[in-house]
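Please show me the protein chain, with its sequence and its model.

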Amino acid sequence: MDDEPLAEWAKRRDERIGRLRAVPLVSGDGPKASRLNPDCPRAIQRWNGYTWEPHGTAASLAETQRLLHPRDERPSAAPAPEPHPLRAGRGRHRKPRPRE
């Protein structure tokens with residue numbers, strides 16, 4: 001049997017520590033996909049290396065996504081470059097210009 005070294009397994013496990021996941025708080029054994037119940041609350045859980053532990057709650061799918069996938073809203077250091085204007089082309093793929 002090809003077992004991986006314990007050090008590699010431990011490193012892979014430690015990389016996941018701190019990862020968050022959301023679990024919908026719906027009753028019953030029905031489907032729990034996020035798109036089916038976007039307005040239901042969710043429990044946010046955090047992986048501690050051994051088990052998922054409670055970390056917080058979110059009121060809706062939108063709030064959950066903001067918690068799990070925060071965007072970097074800092075302004076960039078350099079402004080975006082201006083797009084280059086299209087030049088007149090001679091290829092057949094271009095629309096012909098109206099003659100004046």
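**Words and their cut-offs**

Q: Why does D14 count as partly exposed?
A: The relative accessibility of D14 is 40%. Buried means under 20% relative accessible area, exposed means over 50%, and partly exposed is what lies in between (1.4 Å probe, protein chains only), so with its 40% D14 counts as partly exposed. Please keep in mind that this is a predicted model, in which local features need pLDDT of at least 70 and side-chain atom pairs count only at pLDDT 80 or more, while totals for chains, interfaces and linings use all residues. Residues are numbered from 1 along each chain as its sequence is written, and side-chain values use heavy atoms, with hydrogens and water left out.

Q: What makes R13 and D14 a salt bridge?
A: The side chains of R13 and D14 meet at 3.3 Å, N to O. A salt bridge requires a side-chain nitrogen of Lys or Arg within 4 Å of a carboxyl oxygen of Asp or Glu, so the pair R13 and D14 qualifies.

Q: Is R13 buried or exposed, and how do you know?
A: R13 has a relative accessible area of 19%, which is why R13 is called buried. R13 lies in helix α1, residues 6-15, where a helix is a DSSP run (H or I) of at least four residues, a strand is a run (E) of at least two, and both are numbered from the N terminus. When neighbours within four places in sequence are left aside, R13 is in contact (heavy atoms within 4.5 Å) with W47, G49 and Y50. The C-alpha atoms of R13 and N48 are 9.7 Å apart, although 35 residues separate the two along the chain.

Q: How many salt bridges are counted, and which others are there besides the one already described?
A: The count comes to three salt bridges. E4 and R12 meet at 2.8 Å, N to O, and E53 and R46 meet at 3.4 Å, N to O. E4, with a relative accessible area of 37%, is partly exposed, and R12, at 33%, is also partly exposed. The residues E53, at 29%, and R46, at 28%, count as partly exposed as well.

Q: Why is R42 said to have no salt bridge?
A: The nearest side chain of opposite charge to R42 is that of D39, 7.4 Å away. Lys and Arg count as positive and Asp and Glu as negative, while His and the chain ends are not counted. The value of 7.4 Å is not within the limit for a salt bridge, therefore none is assigned to R42, although R42 is buried. A polar atom of the R42 side chain does lie 2.5 Å from the backbone oxygen of C40. R42 is placed in strand β2, residues 42-47, and among its contacts beyond four places in sequence are A22, L61 and T64.

Q: Why does T64 count as buried?
A: At 3% relative accessibility T64 falls under the limit, so T64 counts as buried. T64 has its place in helix α2, residues 61-68, and beyond four places in sequence T64 is in contact with A22, R42, I44 and A58.

Q: What makes the approach of the T64 side chain to S60 a polar contact?
A: The side chain of T64 reaches the backbone oxygen of S60 at 2.7 Å. A polar contact is a pair of N or O atoms within 3.5 Å; within protein, one must be able to donate a hydrogen and the other to accept it, and residues adjacent in sequence count only if both atoms are side-chain atoms. The distance of 2.7 Å is therefore within that limit.

Q: Why is the aromatic pair of W47 and W52 given its particular name, and which name is it?
A: The structure holds one aromatic pair. W47 and W52 form this pair, with 5.3 Å centre to centre and 55 degrees between the planes. Rings of Phe, Tyr and Trp (its six-membered ring) pair if their centres lie within 6.5 Å, and planes under 30 degrees apart count as stacked, over 60 as edge-to-face and the rest as tilted, so this pair is tilted. W47, found in strand β2, counts as buried at 19%, whereas W52, at 26%, is partly exposed.
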